[in-house]
Amino acid sequence: MPYEGDNMMDIKRTNRSAALRILHEKGGMSRKRLAENIKLTPAAITKIVGEMLGEGLLVESGTVPSESAGRREILVELNTHHRCALGILLNLRQAIVSAVWLDGSVLFSEPIELPSAASAEETVALLSGRLLALAKEHGLEAERVIGLGLAVRGITSADGRTLSDSFGMLDERDVPLCRLFEEATGFPTVMANNVRALFSAQLFFDRDEEESSEFFLRCEVGIGAALSINRQIWPGVSRQCAEIGHIPVVRRGGKRCSCGKKGCLETVASPSALREDALTLRSEAQTPVFWALTREKAPEDVTIEDVLQAAERGDAAINALLDRAVTALGDVVKTLVYLVDPGAIVLYGRMFDNAACLSRLLREIEKGIDGRHRVRIERSPYNHRLEDKAAGLLVVDAYLNDGGIRP
Ligand SMILES: [Zn+2]
């Protein structure tokens, strides 16, 4: 392990970052309280606060009574609209282009349909063109933009610059997406896997400092997951932590998965697999409730909500499919509880909006846990609300970590 000292610039960056992080997490406070919180001398705080006020990154906002009688202390807070980050969330067949302020509030966002196995070149041209047009429409000047974040489906390279495998989202592998978007937009670009970006966004908004480790499970089309340790997301040595959707769970005769293997968890328990299996069975004789619910619909219009509703209304064959899915997913989650001993398991995705489905999964997980774990299992309080923020927040996070010093 290399040991290195801190030079003056690094110390300044660290101190500014600590101040920005505390102001982000706890809101405005006096210089005195800020100094106590990040354990710096009042003189050091006065210096960095003065500097950041001068840059417009902080603002003074009212006063609070001081502990010393008769005096008042001035509050300082983050000037959240001082800078803005652009973002693109890239999924199979759909992207969201957006811009967020430093507090994660959204300036604009727009979904854009994409073809599957889209050409990288055309995708970059289409998305960057629309993003720049929206920025212009909203009067966002280039000097206020701190960068572009990409939250992408698939596996990124170790340096986070190349999309190594997008599992069919783009028509080629090893696409240098960061460079391509930098050339197209002129903004420095960072990239992360989309599930890790969503989880990172949840951690950005979540001010709960208690949990030392959380497991984020997203079931939207497929199954994705991410793991944090001390509020830091562990990407994994090969940038694949925690791709639990591709754990093989069917030994014989499993369906082909988007990763190329057969019998992955995703082919049994993901919303898209459930939907496909239900459609294969759909008939008046085999799935009478599901049939009655969806007979007017073309297959492509049948949703996971229809499937879950049929199960709730007592369709036996659909219930058997759901049981199989919940058991397989529950088994993998239980393994995780024993392996990682996390403080929380956060469930994210539309599937968990269905109360019956959610409680079925919770019961399944609890069945195998003996009560000695202190794990909290719950639906994300930000369910469906992070898609338009996650990509931009990758940049905001890096900016706050760098003490608001632009490269
Ligand atoms: Zn797979």
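**A residue and its helix**

Tutor: Happy to. N37 has a relative accessibility of 24%, so N37 counts as partly exposed. Keep in mind that this is a predicted model.

Student: Where is the place of N37?

Tutor: N37 sits in helix α2, which covers residues 31-38.

Student: At what angle do α2 and α3 pack?

Tutor: At about 115 degrees, and the axes of α2 and helix α3 (residues 42-55) are 9 Å apart. The two helices are therefore roughly perpendicular to each other.

Student: Is that crossing right-handed or left-handed?

Tutor: Right-handed, as α2 passes α3.

Student: New topic: how do α11 and α12 pack?

Tutor: Helix α11 (residues 316-340) packs against helix α12 (residues 355-367) at about 45 degrees, with their axes 9 Å apart. That angle makes α11 oblique to α12. The crossing of this pair is right-handed.

Student: Let's look at the surface. Which residues form a nonpolar patch there?

Tutor: I229, W234 and V237 do, and together they have about 350 Å² of accessible area.

Student: Where does W234 lie?

Tutor: In the loop between β13 (232-233) and α7 (266-269).

Student: Why does W234 count as partly exposed?

Tutor: Because its relative accessible area is 44%, and partly exposed is the class between under 20% for buried and over 50% for exposed.

Key: Residues are numbered from 1 along each chain as its sequence is written. This is a predicted model: local features need pLDDT of at least 70, side-chain atom pairs count only at pLDDT 80 or more; totals for chains, interfaces and linings use all residues. Side-chain values use heavy atoms; hydrogens and water are left out. Patches are made of residues with over 30% relative accessible area and no salt bridge: like charges are joined within 9 Å, nonpolar side chains (Val, Leu, Ile, Met, Phe, Trp, Tyr) within 5 Å. Accessible areas come from the Shrake-Rupley method with a 1.4 Å probe; for residues, only the protein chains shown count as cover. A salt bridge is a side-chain nitrogen of Lys or Arg within 4 Å of a carboxyl oxygen of Asp or Glu. Helices (H or I, at least four residues) and strands (E, at least two) are DSSP runs, numbered from the N terminus. Buried means under 20% relative accessible area, exposed over 50%, partly exposed in between (1.4 Å probe, protein chains only). Axes are lines fitted to C-alpha atoms, for helices over the stretch in contact, and angles run from 0 to 180 degrees between N-to-C directions. Angles under 35 degrees count as roughly parallel, over 145 as roughly antiparallel, 65 to 115 as roughly perpendicular and the rest as oblique. A crossing is left-handed if the near helix is turned anticlockwise from the far one by less than a right angle, and right-handed if clockwise.
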